[in-house]
Amino acid sequence: MLDEQIQQYLKDNTTTIVEDIRSLVKIPSITGTKEAVEAMEEALKLSRKFGFKTKNHKNIIGIADLPGKTDKQLGFIGHMDVVPPGPGWNLDPFDVTYTDGYLVGRGVLDDKGANVILLHAINFLLKSGYEFNYSLRYLFGTDEETNTSDIETYLEDFEEPDIVISPDGDFPICYGEKGLYRCNVISKKINNKQIIELSAGDYDNAVAGSAYALVKKDRIYNRQNFKLAHALNIEVLDNTVKITAKGRSAHAAEPYDGIDSIAVLVKFLIDQNIGSDEEQQFLSFVSKIAGKPEGSEIGIQAQDDDLGELTIVPTKLDYTNNIFTQVLDCRYPTTITSEFIKSQIEKHSPNGSQVEETGKFEPYLINPNSKLIQKLKEAYEDAMGQPAKLFTIGGYTYARYFKQAVSFGPYMEWAPRPAWVGTLHGPDEGISAKCLQDTFKIYVYMLKYINEANLD
C-alpha cells in the first residue's frame, strides 16, 4: 500500500518537483554571494508551502520548524550554495534541463535537488495524515562549499537536534568521512619574474578544470620544440604567448574523476624551461603533487581499512605581485595526522615559502552498528529491495558537526550516467529522474522508521 501511494504521489507531482528544483537552481548561488542568501530564502519559501514556520538566521542559515508530538528534534541540513560553473558546460548551469530522463543544472545533485525531494517526502507523509513524534527542524546553509561558517554560527546560537540527516552524500549509507587538511603554499617574492601571468582553478575544493600562463613571446615562440605544445591551446599575441591547459573539474575528494589542468600546464612549463630559476623551483614543487593524488612524492601516502587512501590535490594556483599561491586540498585517513601532512608540505616547498593553514577537520567515524545506522540500513533495504552497503567518503558534509548525524543520499554511484551528464562540481552536473524517484521512496521509509524507533 505504501509503495503504491508513493508512486501515485510521484505521478501527480513530478512536474511540481522539477519546478521546485528549478526555482533553486536558477539562482546562481555561488558561495559568498548575495545569491546564496537568496537561494536560502527560496528554500524557506518552499518549506512554508509544506507547513513549516521559517526564519532567516543572521543571513547565513535558514531554519524551518514543524512541531511534532514531542520537543525532541529530528533535524535535516542541506546547503543552497554551489561552486562556480567552471568551463565545459554544454547546457545552462543555472536552469534545469530535463531531457531523456535526466535533470542537468548546477546544484541538481549537490545539493538542491535532494533537499526538494526530502521536503516532498515530508509533505507526502503529512498529506497522508501521518503524525511525527519528533519535531522537525530543517536547516538550509549558505557556506557549505567553503568555510561552513553557517553551521558554526548555528551551533553557537542553538542546541543541536537530537538526530540529524543530511541529504548531501551518497547512498546506501555513509558512516565516516576522511579528515581534511587545506592550506595555501605561498612563495617568497620572486625577484626575477619571467612568467607574466599564471592562474588556475575556480574553487579551493575542486580539481582545476582550466589553467593558463602568459609568457613573453621570445620565451617560447622561437623554440625548436614548440611543436610539443599541440596538446595545449597556444594563442600568439603581439608580444606574448598565452598557454591554456584544459582539464576536467571534479570534487577534490574524488580527484580521479577529473583531469588536473595544473598538472598539464606545469609539466609543459617545466619541460620547456619557461620561467626563471625561482619560478621553476616553485613549479617543480607543484609538479610533485599535481596529477599525483596519492601524495607519494611528498611522503604522505597513507590509508586505513575504513576511510581508504589519502588524496591531495592542487586546486587553485595564482601568481600575482610576484608571489605564487598554491591551494592544496588533502583528504586523509586515520593513519596519518594533519600535523605530519603540514610538516611534509613545508619540507618539500621551496625555501622561503610559507604554509598557511585554511581548513582542518579530523577524520569522522560513527559506529556502523549504532541504532541510527541500522535504522537507515533497514529503511534503504526495504525501499530498494537490495542490501545496503556501508561505506565512507573523502568528502566532508555537515554531518561531522553533530553528535548523531549521517549524510544519506542522493548520489547513487552505480546508476547509469550517459557521457553528456556530468557529476557534482563538474560541467553539466546532473542526476536521473529515476534516482530522484528512488531517493524520494528511500526518504519516506527513512522518515517513518526513524520516527517510530527509540534511538536514545
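Analyst: Let's start at Arg137, which lies in strand S6, residues 135-141. Please keep in mind that this is a predicted model.

Is Arg137 buried or exposed? Arg137 has a relative accessible area of 10%, and because buried means under 20%, Arg137 counts as buried. Its side chain and that of Tyr154 are joined by a polar contact of 3.0 Å. Not counting residues up to four places away in sequence, Arg137 also touches Ile63, Ala64 and Asp65, then Gln73, Leu74, Gly75 and Phe76, and finally Phe158 along with Tyr154.

One of those neighbours, Ala64, leads us to the next stop. Ala64 is in contact with Ser47 as well, and Ser47 belongs to helix H2. Ser47 is buried, with a relative accessible area of 0%.

From here we can follow the helices. H2 covers residues 34-49 and packs with H1 at an angle of about 150°, the two axes being 9 Å apart. An angle over 145 degrees counts as roughly antiparallel, so that is how H1 runs relative to H2. On the H1 side the contact is made by Thr16, Asp20, Ser23 and Leu24, and on the H2 side by Ala39, Glu42, Ala43, Leu46 and Lys49. By class, this contact of H1 with H2 has four nonpolar, two polar and three charged residues.

H1, residues 2-25, has another partner in H3: these helices pack at about 140°, with axes 9 Å apart. That angle makes H1 oblique to H3, and the crossing of H1 and H3 is right-handed. H1 contributes Leu2, Gln5, Ile6, Tyr9, Thr16, Ile17, Asp20, Ile21, Leu24 and Val25, while H3 contributes Lys112, Gly113, Val116, Ile117, His120, Asn123, Phe124 and Lys127. The contact of H1 with H3 holds ten nonpolar, five polar and three charged residues.

From H3, the contact takes in Ala114, Ile117, Leu118, His120, Ala121, Ile122, Phe124 and Leu125. From H9 come Leu436, Thr439, Phe440, Tyr443, Val444, Met446, Leu447 and Lys448. The residues of this contact of H3 with H9 divide into 13 nonpolar, two polar and one charged.

Next, some backbone details. Most residues other than glycine have a negative phi, and most peptide bonds are trans. Asp111 sits in the loop between strand S5 (102-104) and H3, and the peptide bond from Asp110 to Asp111 is cis, with omega near 15°. Another cis peptide bond, also with omega near 15°, runs from Gly409 to Pro410; Pro410 is found in strand S23, residues 410-411.

The loop between S23 and strand S24 (430-432) holds Asp428. Phi of Asp428 is near 55°, a positive value in a residue other than glycine. Asp428 is buried, with a relative accessible area of 4%. Asn321, which is not a glycine either, has a positive phi of about 55°. Asn321 is in the loop between strand S17 (311-320) and strand S18 (323-332), and Asn321 is exposed, at 61% relative accessible area.

One last stop: Asn90, in the loop between strand S3 (73-79) and strand S4 (97-99). Asn90 is exposed, with a relative accessible area of 66%. How far apart in sequence and in space are Asn90 and Pro427? They are separated by 337 residues in sequence, with their C-alpha atoms 7.8 Å apart in space.

Note on methods
Residues numbered from 1 in each chain as written. Predicted model: local features only at pLDDT ≥ 70, side-chain atom pairs only at ≥ 80, totals over all residues. Heavy atoms only, no water. Contact = heavy atoms within 4.5 Å. Helix = DSSP H or I, 4+ residues; strand = E, 2+ residues; numbered from the N terminus. Nonpolar A, V, L, I, M, F, W, Y, C, P; charged D, E, K, R; others polar. Axes fitted to C-alpha atoms, helices over the stretch in contact; angles between N-to-C directions. Parallel < 35°, antiparallel > 145°, perpendicular 65-115°, else oblique. Left-handed = near helix turned anticlockwise from the far one by under 90°. Buried < 20%, exposed > 50% of the residue type's maximum accessible area, 1.4 Å probe, protein only. Polar contact = N/O pair within 3.5 Å; in protein donor to acceptor, adjacent residues only side chain to side chain.
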